[in-house]
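I opened my notebook next to the viewer and jotted down what I looked up, one topic at a time.

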Amino acid sequence: MSLTTKLNVIVTAALGAVRGFVTPTANAELSYSASLESGTGTGQANGVHSDRYTIAASGTQVIDLSSITDDLGQAVALAAVKLIVIRGASGNAADVTVKPNGTGGFIAPFNAAADTLKLAPGGAIVLANPAAAGWTVTATTADKLLLTNTSGAAAATVDVMIVGTGTVT
């Protein structure tokens with residue numbers, strides 16, 4: 001099996017204002033790209049998990065990075081994570097929080113176990129670490145992400161893609 005992964009993020013902003021009879025403008029652009037070829041070293045990955053999760057009102061979804069499947073139905077046990085992309089549906093009623101699970105939490109991309117990212121409706125979270133080591137995953141003790149729907153009234157939908165290195169069977 002081979003895996004090629006490409007991530008491209010481009011943000012452009014154009015600012016203009018009328019000042020008397022002139023309209024000065026300022027343009028800004030910030031881009032980031034990462035390409036991961038098949039393998040387990042720097043700039044490489046060999047495992048990917050992508051799924052759409054529907055989280056019940058006030059519900060949670062735990063993603064166990066040591067026990068996921070890829071789109072071909074193969075078992076994937078990640079040892080390192082290189083990319084995490086999470087997108088919230090625009091129709092979600094409230095934020096979805098992303099953080100290490102209370103037991104066996106995947107803390108590596110966070111500063112501490114209690115740190116939380118908020119995914120707004122229609123928003124996205126992109127985390128990248130293409131280094132050889134990536135973010136270390138330790139089975140049973142540091143391998144679980146927790147997604148929590150903060151809406152008490154409606155289900156939330158999120159799309160998740162996680163790319164890394166590990167064992168694919």
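**Entry 1: overall layout**

What pattern does the protein follow, read along the sequence? I read off β-β-β-β-β-β-β-β-β-β-β-β-β. The tally is 13 strands and zero helices, where helices (H or I, at least four residues) and strands (E, at least two) are DSSP runs numbered from the N terminus.

Before going on, I noted that this is a predicted model, in which local features need pLDDT of at least 70, side-chain atom pairs count only at pLDDT 80 or more, and totals for chains, interfaces and linings use all residues. Residues are numbered from 1 along each chain as its sequence is written, and side-chain values use heavy atoms, with hydrogens and water left out.

I then looked up the overall dimensions. Taken along the principal axes, the C-alpha atoms fill a box of roughly 65 × 40 × 30 Å. The protein exposes about 8800 Å², of which carbon and sulfur atoms supply 54%; accessible areas come from the Shrake-Rupley method with a 1.4 Å probe, and for residues only the protein chains shown count as cover.

Of the 169 residues, 38% are buried. Here buried means under 20% relative accessible area, exposed means over 50%, and partly exposed lies in between (1.4 Å probe, protein chains only). I also checked contacts, meaning heavy atoms within 4.5 Å. Among those between residues at least 6 apart in sequence, 74% join residues at least 24 apart.

**Entry 2: salt bridges**

How many salt bridges are there? I count four, taking a salt bridge as a side-chain nitrogen of Lys or Arg within 4 Å of a carboxyl oxygen of Asp or Glu.

I started with D159 and R52, whose side chains meet in a salt bridge at 2.6 Å, N to O. D159 sits in strand β13 (residues 156-168) and R52 in strand β4 (residues 47-55), so this pair ties together parts that are 107 residues apart in sequence.

D159 also forms a salt bridge with R87, and there the closest N and O atoms are 2.7 Å apart. That pair links distant parts of the chain too, with R87 in strand β7 (residues 75-88) and D159 in strand β13, 72 residues apart.

Is D159 buried or exposed? D159 counts as buried, at 16% relative accessibility. R52 is exposed at 55%, while R87 is partly exposed at 47%.

I looked at one more pair, D143 and K144, with closest N and O atoms 3.0 Å apart in their salt bridge. D143 is buried, with a relative accessible area of 1%, and K144 is buried as well, at 18%.

**Entry 3: an open sheet**

Next I traced an open sheet of four strands, in the order β5-β12-β8-β9 with antiparallel pairing. Two strands pair if DSSP finds at least two bridges between them. At the edges stand β5 (60-64) and β9 (117-119), each with a single partner strand, so one side of each is left without a neighbour in the sheet. The twist averages 20° from one strand to the next; the axes are lines fitted to C-alpha atoms (for helices, over the stretch in contact), and angles run from 0 to 180 degrees between N-to-C directions.

Inside this sheet I zoomed in on β8 (residues 96-100) and β12 (residues 144-149), which pair in the antiparallel sense over five bridges. Which residue stands opposite L145 of β12? I found P100 there.

**Entry 4: nonpolar cores**

A nonpolar core is a set of buried Ala, Val, Leu, Ile, Met, Phe, Trp, Tyr and Cys residues joined through side-chain atoms within 4.5 Å. The largest one has 24 residues, and I63, V81, L145, L147, V158 and I162 touch the most other members. Elements giving two or more residues to this core are β4, β7, β8, β12 and β13, with β7 supplying the largest share, five residues.
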